[in-house]
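Subject: Structure handover

Hi,

Here is the structure for you to look over. My notes follow below it.

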Amino acid sequence: MFFHTFLLGASSPGVYYAFENSDNVGKAIVVVLLIGSVFTWSVMLDKAMTIIRAKKMTARFVAAFRANTRNIATPALRREASQMAGPTAVIYEAGVQKLLQFYEDGAAQNSANLAPGVVVPTKLSEAQLNAVEAVLEREVSGQIEELETRIGILATLVSLSPFCGLFGTVWGVMMAFCGIAAAGKSDFTALAPGVAGALLTTVAGLIVAIPSLVGYNMLTTAIRGITVSMDNFTEEFMVRVKLEQLEMQKRKTE
C-alpha cells in the first residue's frame, strides 16, 4: 500500500522533490518504512484470510457438534472433525482421543470386547474428567498461539513506525540547519529543501503506522471472538461428557 502511494506521489514534483533533497539517512528511513509497509500488508492479508477461514470452520463444526445428539465420540462426528481444519475440530479431536483412551482402559479392566468403531462409555473418575478438560484447555491455548502468530509484529510496527519517521524528521531538520549555518545563508529558500525531505519521513511513518494500527485492532478483535467460541466449545464438550456419564449411571441403576 505504501509502495503504491509512494510511486503515485513520486510522479508529482512535491514528493519527488522531497525525496531527492533528503540525505542518505532520510532516504534509508523511507526505504526501510517502504519495506515495512509491504511486510505489514502481507501479514495483515495473510492473517485476515486465516482468521476468516478459522471462524467459518469453527461455526460449521460447532453446528455439527450440536446437531449430533448421540454419543459424543461417534465415528461420523470424528470423521467430520478430521475433514475440517478449524480450531474447534482440532480441540474436539484432542479431547475425544483422551476420552476414548480412558474408555478403552475401563473396558479392558472390565474384560469387555470393543468392536471396531464402537464406543462403549465407562465410568470416569473425577481425575479422569479433569485430565480430559486439561487436554482441551491445552489445545485451546495452542490454537490461540497459532492464531496470534506474527500479530505482535503489527503491534511493533504500530509503535515503531512513527518514531522512525520522527527520527528522520528531526535528523533532516538538524542537517538542514547545519547546512544553512555552513553556507552562511538564513533565507527560507535555503531551508526549504532540507525541511521538505525531513517531513517526508514523518509522512512515510504515518502511512505505515495507521493501516497497521487499524489492522492490528481488527485482527485482535476477531481472534478474541474465536477464543470465546473455543472456550464455550470446551465447556460444552465437558458438559456433554458429564451428561453421558450421568445417563450411563442411570441406565445401570434401572
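A contact here means heavy atoms within 4.5 Å. Please keep in mind that this is a predicted model.

Start with asparagine 68. Setting aside neighbours within four places in sequence, asparagine 68 is in contact with Thr74, Leu77 and Arg240. Asparagine 68 sits in the loop between helix H3 (24-67) and helix H4 (75-83). The residue counts as buried because its relative accessible area is 13%, and buried means under 20%.

Now the overall fold. The protein has eight helices and zero strands. Along the sequence, the pattern reads α-α-α-α-α-α-α-α. Of the 254 residues in the protein, 39% are buried. The protein exposes about 14,300 Å², with carbon and sulfur atoms supplying 64% of that area. Take the contacts with a separation of 6 or more: 79% of them join residues 24 or more positions apart.

Next, the core. The largest nonpolar core has 39 residues. Phe61, Phe65, Ile72, Tyr92, Phe233 and Phe237 have the most contacts inside it. Two or more residues each come from H3, H4, helix H5 (87-109), helix H6 (126-147), helix H7 (151-183) and helix H8 (188-253). H3 gives the largest share, nine residues. As background, nonpolar side chains tend to be buried together in soluble globular proteins.

Leaving out neighbours within four places in sequence, Phe233 is in contact with Phe61, Val62, Phe65, Thr88, Ile91 and Tyr92.

Best wishes

Definitions and conventions
Residues numbered from 1 in each chain as written. Predicted model: local features only at pLDDT ≥ 70, side-chain atom pairs only at ≥ 80, totals over all residues. Heavy atoms only, no water. Helix = DSSP H or I, 4+ residues; strand = E, 2+ residues; numbered from the N terminus. Buried < 20%, exposed > 50% of the residue type's maximum accessible area, 1.4 Å probe, protein only. Areas by Shrake-Rupley, 256 points an atom, 1.4 Å probe, with all protein chains shown as cover. Core = buried A, V, L, I, M, F, W, Y, C linked by side-chain atoms within 4.5 Å.
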